Amino acid sequence: MEGVLPINQVVSEVEQQEYIINMGPQHPSTHGVLRFLLSLKGEVVQYVQPHCGYIHRGIEKMTEKITYPQIIHLTDRLDYLSAHMNNEAVSLCVENALQIEVPERVKYIRTIMAELSRLASHQLWWAAFGMDLGALTTFFYGLRDREYILDIFEQTTGSRLTQSYNCPGGLMNDIHPDFQKKVKEFIKNFRKVLPEYNQLLTGNVIFHERTKGIGLLSKEDAISFGVTGPSGRGSGFSCDLRKSHPYSAYDKVDFKEILYTEGDTFARYQVRMDEMLESMNIIEQLIDNIPEGDYALKMKAIIKLPEGEYYQRVESARGEFGVHIISDGNKNPYRVKFRSPNFSNLSAIDSMARGFKIADLVAISGSLDLVIPDLDK
Amino acid sequence: MPFDIYDLSTFTHWIDTSLRAGMSPFWAVFTEFVLVGVVFLAFYAVVGLFLVYAERRICAFMQCRLGPNRVGPGGIFQTIADLIKLLFKELIYIKNADKILFNIAPFIVIIASFLALAAIPFGKGLQAMDFNIGIFYVVAVSSIGVIGILLAGWSSNSKYSLIGALRSGAQIISYELSVGLSLIVIVILAGTMQLSEIVEMQRDGWFIFTGHLPAVIAFIIFMIASTAEINRGPFDLAEAESELTAGFHTEYSGIKFAFFFLAEYMNMFIVASIAATVFWGGWMPLHIGSWEGFNHAMDFIPPFIWYLGKTAVIIYLIMLFKWTFPRLRIDQLLTLEWKYLLPVNLFNVLLMAFIVLKGWHF
């Protein structure tokens with residue numbers, strides 16, 4: 001018969017066909033407008049092509065038209081879950097360029113706020129990661145406890161998510177009189193709640209099956225892809241800038257850098273769970289010792305950086321966030337480059353997900369804790 | 001017997017005889033069919049709506065929130081409002097979809113769950129069809145649903161739907177073995193497949209108590225396997241929303257989606273009914289040995305309440321699973337069935353056969 005191929009030829013043609021699906025840009029588990037192009041063989045992922053840029057707003061370009069204090073407000077919109085750390089990076093960069101030293105009080109408050117942001121971010125990550133794996137209840141537990149931190153932020157900074165609390169030379173305003181009391185209350189409460197998180201998800205057999213040995217990333221790969229933050233530390237890549245290049249008040253506190261060497265999804269999970277404990281330790285060491293003093297230096301009305309290139313990096317909740325400012329001596333930067341941790345972390349996903357199943361890809365991308373607006377800038 | 005005060009067979013017999021007195025046998029049977037159909041449709045709708053509401057409240061309480069609480073007292077009319085919304089939603093037709101199969105699929109799913117209701121004994125004499133192969137009928141009929149799911153996934157012309165449907169096919173066909181085998185354990189113990197007789201045999205003690213270890217094992221396996229068979233969490237791979245958005249019903253909208261949704265809840269109800277009937281004595285009140293006073297007091301609770309209460313407890317258990325556990329992966333799901341549940345089940349059947357042969361059961 002015409003048109004009917006011999007059976008062996010049919011098989012070879014089927015083998016050549018790729019089953020390609022678009023995961024995203026609108027998909028529940030890409031946590032934003034990220035698009036994965038998947039090639040599948042049955043359930044097994046052959047390769048992943050991440051396509052980003054769906055929420056590109058041109059923030060780097062926009063910074064060339066505005067002044068340095070104004071840049072702060074744009075960095076909130078990058079990684080909105082570690083808005084405070086992004087602010088801090090820009091502030092530190094400008095302060096270093098001007099060679100000014102902020103008061104001790106500012107350093108302490110910045111560190112406490114950064115750790116609170118990290119806690120809130122990890123709580124949200126835990127909530128969403130559980131949901132990625134199909135454990136829907138975690139979502140509400142995580143969001144419930146995050147609410148306390150957002151209330152603290154709102155009280156002091158006036159804003160819950162995009163705080164813009166830092167400014168070159170210090171902080172926008174002083175902390176609320178109740179700040180210390182509230183933070184201590186939160187920590188007391190959260191120390192009780194964190195074991196609940198472990199009971200609900202960490203000890204679960206299905207959860208272990210779903211995460212152990214999944215999405216392996218070797219230390220060498222982590223370094224060559226530039227995977228930083230908790231995702232990198234899950235592979236044994238010691239990349240905690242708070243430890244290796246202390247800024248603000250991190251040199252005054254005693255804390256551990258969490259390292260796991262397995263490099264699988266479960267290791268990345270454990271890093272974040274342990275980091276929540278460490279963040280609480282850091283806050284507890286600082287909260288009672290905030291020195292008296294000014295909350296900001298008196299800065300000139302118009303900040304002009306001397307001509308040159310300046311780079312500052314901080315440890316955000318997702319990894320190394322860098323700000324590279326090139327100044328030509330004007331009140332606007334000549335060029336600004338943000339090193340977004342998510343972009344580098346995402347680049348590793350193809351090598352991590354190959355050969356695993358679709359459900360594993362969801363777990364892997366969840367364990368990288370991607371924030372898409374940061375990725376697309 | 002004291003609990004025969006609630007025997008409804010006299011009532012149903014009276015309907016039957018008075019109908020047959022008034023008209024020819026054909027029309028009498030026809031009228032009975034219509035009556036039973038109408039009653040079941042109403043029951044189906046009420047149970048479906050109530051289960052959706054119950055699920056939303058229960059999961060809300062597990063997740064530290066309130067759940068629906070605005071429409072009516074305690075939000076009791078929320079699902080009705082949702083139903084009205086779904087009725088008025090646009091039915092979207094997919095380009096290049098196989099129209100006939102696409103439209104038929106939700107009906108197959110819902111009819112399969114509807115058919116299974118017929119064999120379930122709700123109370124003494126309150127059973128539409130008392131087959132002598134009742135268990136076999138229920139298992140057979142409820143497995144028709146997978147055809148609807150496969151068709152829905154195939155005809156939607158969507159890659160996500162297709163993956164969901166194929167997952168569902170693999171899952172349901174695998175777990176049907178365990179459901180069947182765990183029920184066979186009880187069939188061996190009871191010596192009959194007739195559901196009314198199985199209930200009657202549990203007069204002096206439910207099978208889960210009288211059947212030694214094998215009945216307990218069979219009950220646990222039945223709970224796991226039936227949760228998987230009705231595509232509910234942690235086995236909801238067919239519609240895993242974090243992977244496949246909604247699986248096989250991704251492309252359905254409006255009332256057709258509602259059909260799938262309703263069928264899922266009704267399947268849960270049917271599975272819980274079977275578990276209650278086969279393992280927990282169905283409508284049979286709780287009787288403990290020679291405690292005459294206690295047994296007598298229990299008899300005064302109507303059988304229908306017993307049946308609904310047991311079913312509700314099992315439904316609550318199934319809901320707890322869903323809102324506690326993460327989802328399994330497809331290969332882990334099949335490993336669980338073929339490497340663990342099935343061998344345990346086969347051994348369990350042998351064990352039960354041995355116990356019955358030796359007459360060691362109560």
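1. Two strands pair if DSSP finds at least two bridges between them. Helices (H or I, at least four residues) and strands (E, at least two) are DSSP runs, numbered from the N terminus. On that basis, Phe321(A) in E7(A) is the bridge partner of Val314(A).

2. This is a predicted model: local features need pLDDT of at least 70, side-chain atom pairs count only at pLDDT 80 or more, and totals for chains, interfaces and linings use all residues. Residues are numbered from 1 along each chain as its sequence is written, while chains are lettered from A and ligands numbered from 1 in the order in which they are written.

3. The open sheet of chain A has three strands, ordered E6-E7-E8, with antiparallel pairing. Its edge strands are E6 (308–316) and E8 (335–339), each pairing on one side only. Nine bridges join E6(A) to E7 (residues 319–327) of chain A.

4. Now helix packing. The axes of H5(A) and H15(A) come within 9 Å and cross at roughly 175° (axes are lines fitted to C-alpha atoms, for helices over the stretch in contact; angles run from 0 to 180 degrees between N-to-C directions). The pair is therefore roughly antiparallel (over 145 degrees). H5(A) contributes Ala128(A), Phe129(A) and Asp132(A); H15(A) contributes Val362(A), Ala363(A), Gly366(A) and Ser367(A).

5. Chain A puts 25 residues into the contact with chain B, and chain B puts in 23 residues (C-beta atoms, placed from the backbone, within 7 Å). On chain A, H5 (104–132), H6 (137–157), H8 (205–211) and H15 (358–368) each supply at least two residues of that side.

How values were computed:
Contact = placed C-beta atoms within 7 Å. Parallel < 35°, antiparallel > 145°, perpendicular 65-115°, else oblique.
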